[in-house]
Amino acid sequence: MTSVTITTAPTVDPCSAYTMVDDQWRATNNQYYSEIMCDCEISWNGWYRLFIQGQSVQMPDRCVDQFSCGTHAPLWLKGGHPTVEDGVVTREVCGHWSNDCCYFQSNPIKVKACPGNYYVYEFVQPAFCSLAYCADVKNTSTAHTTVTPETMLTTETTKVDITTGTYID
């Protein structure tokens, strides 16, 4: 009998396993920054929650003025934020340039609304430099999370007979 071992890890809720991003330069009201920032130089991996000076914020879901958020073409969320009931959704990301709110279309990202009135984002690398994700200072939350929860992963191993497809104890 030939068998194969399948190891699966449970899905981790991104609302409890995210990385904090607290960069003042990402603020939508930041019209000038001494250095033009670029998120295509970051290896985004996993889920992120936006903060400005320790206060929870969200991505803007409307066009952001050029030269805001510490970059040339600020990235904003097209299609709006989901509700908690929506679960994880995929949204387009646009960058404002040359009087076109969606001149640059970055790769889509995943977004989730979390209990506690905040959002987490699965950011991806924008295709070009001088594009950076924005943090909307107008949509601040009263939630002040300063510690990222740690999640312990457990795995479950199942043996399957590959010739018959039946589970082996």
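This is a predicted model: local features need pLDDT of at least 70, side-chain atom pairs count only at pLDDT 80 or more; totals for chains, interfaces and linings use all residues.
Residues are numbered from 1 along each chain as its sequence is written, and side-chain values use heavy atoms, with hydrogens and water left out. Local features need pLDDT of at least 70 and side-chain atom pairs count only at pLDDT 80 or more, while totals for chains, interfaces and linings use all residues.

The largest nonpolar core holds 23 residues. Such a core is a set of buried Ala, Val, Leu, Ile, Met, Phe, Trp, Tyr and Cys residues joined through side-chain atoms within 4.5 Å. Buried means under 20% relative accessible area, exposed over 50%, and partly exposed in between (1.4 Å probe, protein chains only). Leu50, Met59, Ile109, Val111, Tyr121, Phe123 and Tyr133 touch the most other members. At least two residues each come from β3 (48-52), β5 (73-78), β6 (88-97), β7 (100-114), β8 (118-122) and β9 (131-133). Strands are DSSP runs (E, at least two residues), numbered from the N terminus. β7 gives the most, with 4 residues. Beyond four places away in sequence, the contacts of Met59 (heavy atoms within 4.5 Å) include Leu50, Ile109, Tyr121, Phe123 and Tyr133.

Strand β3 is largely enclosed by the rest of the structure, because 5 of its 5 residues are buried. Both faces are covered. Tyr48, Leu50 and Ile52 lie on one side, Arg49 and Phe51 on the other. β3 pairs in the parallel sense with β2 (residues 19-22) over 4 bridges; pairing requires that DSSP finds at least two bridges between two strands. Here Asp22 has Phe51 as its bridge partner. β3 and β4 (residues 55-56) run antiparallel, joined by 2 bridges. Ile52 stands opposite Gln55. The hairpin of these strands has 2 residues between them, and Gln53 takes a positive phi near 50°.

The whole structure contains 10 aromatic pairs. Rings of Phe, Tyr and Trp (its six-membered ring) pair if their centres lie within 6.5 Å; planes under 30 degrees apart count as stacked, over 60 as edge-to-face and the rest as tilted. Phe67 and Trp97 are edge-to-face, at 5.6 Å centre to centre and 65° between the planes. This pair links distant parts of the chain, 30 residues apart: Phe67 is in the loop between β4 and β5, Trp97 in β6. Phe67 is partly exposed at 40% relative accessibility, as is Trp97 at 27%. Tyr103 and Phe104 are also edge-to-face, at 5.0 Å and 80°. Ring pairs link Trp44, Tyr48, Tyr121, Phe123 and Tyr133 into a cluster.
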